[in-house]
Amino acid sequence: MANKVVTFGEIMLRLTPPNFLRFVQAESFDVTYGGGEANVAVSLANFGEDAYFVTKVPDNPIGQAAINHLRRYGVKTDYILKGGERLGIYFNEIGASQRPSVVVYDRSHSSISEAKPEEFNWDKIFEGAKWFHFTGITPALSDNMAQACLDAVKKAKEKGITVSCDLNYRKKLWSKEKANKVMSELIKYVDYAIGNEEDAEMVFGIKASSSDVTKGELNEEGYKEVAKELLERFSLKGVAITLRESFSAFDNGWSALYYDGKDYYRSRRYMIHIIDRVGGGDSFAGGLIYALLNNYSPKDAVEFAVAASCLKHSVVGDFNHVTLSEVTALMKGDASGRVQR
């Protein structure tokens, strides 16, 4: 039987110049939609769970297009509110070789950022739910959204619902000081935390020793220390850290570390050639949530999540359009990329 999972955040219109063009060259944009928590919901729907995405979009054709896009991939949209001024937009220039990708946001005054906390009926939204997921992006949107997230996690804990949070620090949305203040309160209600090489440092000041993400140098022992400190400081059940070694815009090393308070589990390391990096961390979160919900062992959970995310890097757009069987096959060692006939 499918598990009801609720995710909460912003979905945006994504505009991307085609064929690796730069913004200044573009005469058209490819259109899709995405956002951290929406991306997770799509992954979970793909894997067969009852995934519900909660947000607010404008009551106009663009807002409806975003809802339709989610429905197309099996996400439940029953609790999406309508109203407000606009849907947030982000422009994504896809990098190549040594030229990095560039993201430009146009999301001020979006419907979700100006929604009021009391608009969300968490008692109703959480009926029958087993898991709630949000990211550090949502409370960064506005003080109203920070309060809405706090209302949600408090209600989730009251109802015995498992809560996960991808720290997802975004310097374009808030300062490290504001992030620390808000997230330090929210994480009290979190069971599982997810982050990358920089999130724990930027939000909580917990830095991995002997690592330099700009040079692609990661120290596993340093990240074990980060995971341990996060888990113990905030009484978490588990901490997952994605480890990205960035050699160019196209080529990365990709793996993860998971700590459950007893043991550390390091996943297989994949060498990935990137088609679209956006949503890579969200696909990891979706994979981890699915695996933990379905009682995978800690080792298998992190292997499943990394395999799911590895495959996402080959898919254009924010969403991870891969199947459960495809992830399982890669997780079990079929990394050849041979044609399936």
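First, the ground rules. This is a predicted model: local features need pLDDT of at least 70, side-chain atom pairs count only at pLDDT 80 or more, and totals for chains, interfaces and linings use all residues. Residues are numbered from 1 along each chain as its sequence is written, and side-chain values use heavy atoms, with hydrogens and water left out.

A word on names. Helices (H or I, at least four residues) and strands (E, at least two) are DSSP runs, numbered from the N terminus. Two strands pair if DSSP finds at least two bridges between them.

Let's start with the open sheet. Four strands make it up, in the order β3-β2-β7-β8, and the pairing is mixed. At the edges stand β3 (30–34) and β8 (102–106), each with a single partner strand, so one side of each has no neighbour in the sheet. From one strand to the next, the twist averages 25°. Axes here are lines fitted to C-alpha atoms, for helices over the stretch in contact, and angles run from 0 to 180 degrees between N-to-C directions. Now look at β2, residues 12–16. Strands β2 and β3 run antiparallel, joined by five bridges. Threonine 16 sits opposite aspartate 30 of β3.

Next, strand β10, residues 162–166. Buried or exposed? Five of its five residues are buried, so β10 is largely enclosed by the rest of the structure. Buried means under 20% relative accessible area, exposed over 50%, and partly exposed in between, with a 1.4 Å probe and protein chains only. In a regular strand the side chains alternate between the two faces of the sheet. Both faces of β10 are covered. Thr162, Ser164 and Asp166 are buried on one side, Val163 and Cys165 on the other.

Which strands pair with β10? Strand β9, residues 129–135, runs parallel to β10, and five bridges join them. Histidine 133 has serine 164 of β10 as its bridge partner. Strand β11, residues 192–195, also pairs with β10 in the parallel sense, over three bridges. There, cysteine 165 stands opposite alanine 193.

On to helices. Take α5 (residues 143–158) and α6 (residues 176–186). They pack at an angle of about 20°, with axes 10 Å apart. That makes α5 roughly parallel to α6. Angles under 35 degrees count as roughly parallel, over 145 as roughly antiparallel, 65 to 115 as roughly perpendicular and the rest as oblique. From α5, Asp143, Ala146, Cys149, Leu150 and Val153 meet Lys178, Val182, Glu185 and Leu186 of α6. By class, that contact has six nonpolar, no polar and three charged residues. Ala, Val, Leu, Ile, Met, Phe, Trp, Tyr, Cys and Pro count as nonpolar, Asp, Glu, Lys and Arg as charged, and the others, Gly among them, as polar.

The second pair is α10 and α11, residues 324–331. Their axes come within 9 Å and cross at roughly 115°. The two helices are therefore roughly perpendicular. Residues of α10 in this contact include Asp300, Glu303 and Phe304, and those of α11 include Leu324, Val327 and Met331. Nine residues of the contact are nonpolar, one is polar and three are charged.

Last, one residue up close. Glutamate 303 lies in α10, residues 298–312. Glutamate 303 is buried, at a relative accessible area of 10%. What does glutamate 303 contact, leaving aside neighbours within four places in sequence? Arg266, Ser267, Arg268 and Met331. Contact means heavy atoms within 4.5 Å.
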